[in-house]
Amino acid sequence: MSEARQPEGMEPDTASESPASSETGNGPSASATAVAAPKPIWMRLFGHDISAPLILLVLALALFAPGQWTVPPLDRDEPRFTQATKQMLETGDYVDIRFQDQARHKKPVGIYWLQAAAVKLTGHDAAAPLWVYRLPSLLGGVLVVLMAYWAARAFTGPPASLIVGLFVAAAIIVGVEARLAKTDAMLFAMIVLAQGALARIWQRDTQERQWGLAFVFWTALAGGVLIKGPVAPMVVGLTVLALFAMPRRVKWFKAAVPLFGFLWFVLLVVPWFVAIWIATDGTFFTEAIGKDLLGKVGEGQEGHGAPPLTHLAAMFGIFWPLPAFVLLAARTIWREKASRLVVFSAAWFFPSWIVFELVATKLPHYTMPLFPALALPVAAALVDGAGERAGRKLRWAAAVLLVLPPLGIAAASFAGPLYLGDWPSPPGVVLCGIGAAAAFLSASRLLGGAALHGIPTAVVSALAIAIGFWGFVGPALTSIWVSPRLVAAIDAVPACNAPQVVTAGFHEPSFIFLQGTNTHIVSADKAAEFLDEAGRNGTGCRIAVIESRQEAAFLGAAEARGLVPELVSRLDGLNINGGKQLDIGLYRAAEPKADTQ
């Protein structure tokens, strides 16, 4: 592709010749001899190795920061992670992973350590606000954008690499994961870092040991294992095997110093795995591998089963705005399929994508580590003029793909709150509308054959939607944020400082994280017993949180004990996990009546 043929600012280890000509011996393609259209002014201004990373850094922060401190914990995975980290800080046990008194043996310890470090480094304790626990994911999202640029620079110049970074930063799924205090954003960063080092090792095509790149490769791989177990080795390992198979050459991998590198990898990951084996008598591996990992492979866990090709269908939404540009670039990418850029991207993308499609459990973020492998050849093809050469039907299809997600989000920003019984956020609706308008403008550029001119407006659309949705629309959906409202209602109970709390019927992890580790999930009968003890023993203020489906059983158990609970507050809402309407009462033991005899 032309960007590979024009190696301005090219890394010293990359070849300056055309990947296509170097691999096939056919010389430059037809597009290389065509008169190249002038680059847009934004590429000429920012497509350099100093300005491009700075622009990407600022843009990533602008895209990922909104909502970090205003969106409550999103059930259920995020508060499970933050609560487990909170308990590490409370107990000082940084080996075992627990959610209250239950073992949480699903993922390794890496993200919990990073969250605990964020709490310590910001001067907080276990009661730190949620945004502190989210900092590693925000950092992971920013690193992914910068590492995608770095990985692309192994094959192409700054302009196309900048486009790769812009696609990653603007992607809907990356923005979601950069806001959730769990594993996936930082795992993504580790995978892209490892793949960037691998790309340079493969590009240099030498058996001479590349100690610096090998150190980065094996360290990033170890980081990925400590964060989410086998996912990083699978993606990176399948890439290596595919690179072995396609040119049928393996000696280039000697540059990765595999013997010493693997020993360094083992040195990094083994200590905690040994410690957790000892601490849990091996049950961590039984649960994490036997139930969590293999369970997801064989059947859809927690209602997340789906047939093959589900990820392909989801990609058109969660990878936005990239899929629109994929349509425009596909023909050029196919023509250049023998180039080293396309070969590496295919080795990264296809083997792991097939695995994800075959695994029974499917969640949208599973394919996220493959995103740069798709963005890289698309960016290079666009710089090569793919957008100008695409046919009219393809341009229309791309324009529709580009417009639909922002238009849907803009409509949902207004209609969604009304459906839930909330009032739409005016600034949120306006900003999401601006995002939809920018998407239409970008689509018009695609229709006019100026795809490169459509990228900045697509990014503006992503930015407006990110600020509008995460900064205003999401936080204003009070009906779905049940846990924060419950905590506020408990705090408002008069003459009830530092209450002991139990909950029956409402079991969301976000409530445990916000209210405190000592909040216990109990049955209706146990909740009545809990309040009865407070009335008989005078053991301080106690609150029982009772969901309406458990209320009759709770009141019956209380009556059997001669207890008359006092209803101190009531609220309703929607549980976003399952869509059930909730009606929750807050009870405490009534004050004993004075003896009138």
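This briefing walks through the cores, a disulfide, a helix pair and some backbone details of the structure above.

The model is predicted, and local features need pLDDT of at least 70, side-chain atom pairs count only at pLDDT 80 or more, and totals for chains, interfaces and linings use all residues. Residues are numbered from 1 along each chain as its sequence is written, and side-chain values use heavy atoms, with hydrogens and water left out. Helices (H or I, at least four residues) and strands (E, at least two) are DSSP runs, numbered from the N terminus. For accessibility, buried means under 20% relative accessible area, exposed over 50%, and partly exposed in between (1.4 Å probe, protein chains only).

**Nonpolar cores**

- A nonpolar core here is a set of buried Ala, Val, Leu, Ile, Met, Phe, Trp, Tyr and Cys residues joined through side-chain atoms within 4.5 Å.
- The largest such core has 132 residues, and those with the most contacts inside it are Phe64, Ile163, Phe167, Phe325, Phe371, Val378 and Ile455.
- Helix α12 (residues 184-204) supplies the largest share of this core, 13 residues.
- Another core lies apart from it, with 17 residues, among them Val482, Leu486, Val493 and Ile584.
- As background, nonpolar side chains tend to be buried together in soluble globular proteins.
- Contact means heavy atoms within 4.5 Å; leaving aside neighbours within four places in sequence, phenylalanine 325 is in contact with Phe167, Val378, Leu382, Leu402, Leu446, Ala451, Gly454 and Ile455.

**The disulfide and other cysteine and glutamine sites**

- The structure holds 1 disulfide, a term for a pair of cysteine sulfur atoms within 2.5 Å.
- Cysteine 496 and cysteine 541 form a disulfide, with an S to S distance of 1.7 Å.
- This pair links distant parts of the chain, 45 residues apart: cysteine 496 is in the loop between α25 (482-491) and β3 (500-504), and cysteine 541 is in the loop between α27 (524-537) and β5 (542-547).
- The torsion about the S-S bond of cysteine 496 and cysteine 541 is about -85°, so the disulfide is left-handed.
- Cysteine 496 is buried at a relative accessible area of 5%, and cysteine 541 also counts as buried, at 17% relative accessibility.
- Cysteine 432 is buried, with a relative accessible area of 0%.
- Glutamine 515 belongs to helix α26 (residues 509-515) and counts as buried at 18% relative accessibility.
- Beyond its neighbours within four places in sequence, glutamine 515 is in contact with Val487, Ile490 and Val501.

**Helices α13 and α14**

- Two packed helices are described by the angle between their axes and the distance between the axes.
- Helix α13 (residues 211-228) packs with helix α14 (residues 231-245) at an angle of about 140°, their axes 7 Å apart.
- Axes are lines fitted to C-alpha atoms, for helices over the stretch in contact, and angles run from 0 to 180 degrees between N-to-C directions.
- That makes α13 oblique to α14, since angles under 35 degrees count as roughly parallel, over 145 as roughly antiparallel, 65 to 115 as roughly perpendicular and the rest as oblique.
- Phe217, Leu221, Gly224, Val225 and Lys228 of α13 meet Val231, Ala232, Pro233 and Val236 of α14 in this contact.
- The residues of the contact of α13 with α14 divide into 7 nonpolar, 1 polar and 1 charged (Ala, Val, Leu, Ile, Met, Phe, Trp, Tyr, Cys and Pro count as nonpolar, Asp, Glu, Lys and Arg as charged, and the others, Gly among them, as polar).
- Leucine 226 is also placed in helix α13, and at 14% relative accessibility it counts as buried.
- Leaving aside neighbours within four places in sequence, leucine 226 is in contact with Pro108, Val109, Gly110, Ile111, Leu268, Val269 and Phe273.
- Leucine 226 and phenylalanine 64 are 162 residues apart in sequence and 24 Å apart in space, C-alpha to C-alpha.

**Backbone details to check**

- Aspartate 75 and arginine 76 are joined by a cis peptide bond, with omega about 5°; arginine 76 lies in the loop between α5 (51-64) and α6 (77-91).
- Tryptophan 320 and proline 321 are likewise joined by a cis peptide bond, with omega about 10°, and proline 321 is in the loop between α17 (310-318) and α18 (322-335).
- Aspartate 205, in the loop between α12 and α13, has a positive phi of about 50° although it is not a glycine, and counts as partly exposed at 32% relative accessibility.
- Aspartate 281 has a positive phi near 55°; aspartate 281 lies in the loop between α15 (258-280) and α16 (283-298) and is exposed, with a relative accessible area of 68%.
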